[in-house]
Amino acid sequence: MSKRNKVLLGGGGVVLLIVLVMVSTSAKRDKGTEVRFEQVGRRDLVAAVTASGKIQPKKKVDISADITGRITRIAVREGDLVQKGQFLLQIDPTIYQANKQRATAMMSSAEASAVQARANRDQSQRSLQRTKELREQNPNLVSQEQLEQAQTAFEIADANFTAASHGVEQARAGLQEANDQLSKTHLVAPMAGRVTRLAVEEGEVAVPGTFSRETGLLLTISDLSVIHTTVKEDETDVVRVNIGDSVEVTIDAFPDTTFVGRVTKVSNSAILTAASQVGGQNDRAVDYEVEITLSNPPTEVRPDLSATARIVTDTRKQALAIPIIALTVRENTPVSTEQKPARGNAANAAPAPPPAAGDTSKHGAGPKKETEGVFLVRNGVATFHPVKVGIAGEEHFEVVEGVQLGDTIVAGPYQAIRDLKEGAHVRPSRESSDTTRRRS
């Protein structure tokens with residue numbers, strides 16, 4: 001073979017190779033973007049919100065010191081069950097017993113003074129009466145001055161008796177106060193429950209918590225028969241929470257058990273907590289307290305255990321649903337209903353009339369705006385269709401309008417949906433093919 005023929009044959013092979021590569025690339029391009037297909041179906045949806053909080057008893061009492069004194073005896077330990085009226089602890093009563101004795105003595109002295117004042121008053125009253133009688137019988141026997149002196153003596157004696165009577169009342173109040181102070185050295189349980197906190201030891205000095213609640217706290221008794229979970233719900237979710245909603249509660253201390261309960265209280269006032277370091281009012285997170293009552297709390301539960309609540313806010317039975325990942329946002333130009341072709345007849349629809357003179361809009365379309373929707377697939381072509389969604393389940397949205405049962409939509413992956421263009425060619429991925437075969 002001549003050299004010229006060899007060159008021609010080699011050049012033809014190169015050209016053929018280039019043509020084959022171009023055809024292969026074109027074929028791959030015509031196949032379109034590989035995405036996951038899914039048909040619109042019906043599902044049972046459960047809308048829920050989650051929040052974290054603490055386990056709290058329905059009722060607890062912090063027992064604090066009302067007087068100052070050294071603790072001489074503690075009759076309970078942390079974790080003990082106590083009954084109402086049961087003795088808890090003793091504060092040294094020596095000073096308060098002395099105060100009671102002093103008040104008792106002052107009471108006796110005041111009563112004695114009152115008796116003496118009463119006798120003086122009665123004597124002055126009798127003397128005044130005799131003076132008046134003598135004055136009436138013979139004015140010469142008793143002068144007017146003597147009568148006035150007798151009257152004055154009686155009034156003074158009566159005033160002294162009144163003062164002595166008030167002195168008795170004052171002494172009685174002092175004795176009552178001393179008894180009250182003495183009784184506060186002997187503390188008993190105000191209700192039945194469990195001692196969930198013992199903050200002192202024998203020998204410590206109990207002081208009143210005048211300016212700090214923690215300063216005077218001795219112990220805490222909690223009624224653990226009814227357990228609450230108090231969680232903080234964000235302002236965007238609390239509006240969906242209602243009293244009576246079903247709740248699933250998981251307690252960190254019991255990781256393998258899920259407890260059920262009901263929402264029993266939703267606060268009307270917010271708890272403001274700093275959400276950023278900016279410090280402005282608009283940069284604060286607004287949370288609301290939600291109280292949940294557990295139906296069957298564990299017997300080993302303790303206050304302040306960490307818990308997570310899943311509050312069921314709404315449910316739908318066999319609702320038309322799409323995957324959450326399938327919902328995307330695109331700029332959409334609203335079309336008037338008079339010019340928008342009906343679904344399924346787009347190929348036979350008449351073209352829209354041209355805009356009138358001076359009309360800057362495109363065939364009656366308004367300005368573009370972002371719209372939520374999904375990509376429907378027909379004949380390998382993806383087209384964006386706006387949809388209206390309802391409640392959100394864990395993985396699916398309820399569809400109120402926009403798609404029909406059995407429609408094929410693009411359901412993933414996320415990056416493909418994000419980059420997908422209107423009218424793009426798509427082809428099913430192996431994952432969607434396997435899913436279709438399993439369903440069939």
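This note goes through a few local features of the structure, residue by residue.

1. Basis. The model is predicted: local features need pLDDT of at least 70, side-chain atom pairs count only at pLDDT 80 or more, and totals for chains, interfaces and linings use all residues. Residues are numbered from 1 along each chain as its sequence is written, and side-chain values use heavy atoms, with hydrogens and water left out.

2. S267. This residue sits in the loop between β12 (254–266) and β13 (271–274). Strands (E, at least two residues) and helices (H or I, at least four) are DSSP runs, numbered from the N terminus. S267 counts as buried because its relative accessibility is 16%. Buried means under 20% relative accessible area, exposed over 50%, partly exposed in between (1.4 Å probe, protein chains only).

3. Surroundings of S267. A polar atom of the S267 side chain lies 3.3 Å from the backbone oxygen of S269. Neighbours within four places in sequence aside, S267 is in contact with Y288 and E289. Contact means heavy atoms within 4.5 Å.

4. G412 and P413. The peptide bond joining G412 and P413 is cis, with omega about -5 degrees. P413 belongs to the loop between β21 (408–410) and α6 (414–419).

5. D304. Phi is near 75 degrees here, a positive value in a residue other than glycine. D304 lies in the loop between β14 (284–294) and β15 (306–323). With a relative accessible area of 47%, D304 is partly exposed.

6. Q318. Phi of Q318 is also positive, near 50 degrees, and the residue is not glycine. Q318 is placed in strand β15. Its relative accessibility is 44%, so Q318 counts as partly exposed.

7. Background. Most peptide bonds are trans, and most residues other than glycine have a negative phi.

Notes:
A polar contact is a pair of N or O atoms within 3.5 Å; within protein, one must be able to donate a hydrogen and the other to accept it, and residues adjacent in sequence count only if both atoms are side-chain atoms.
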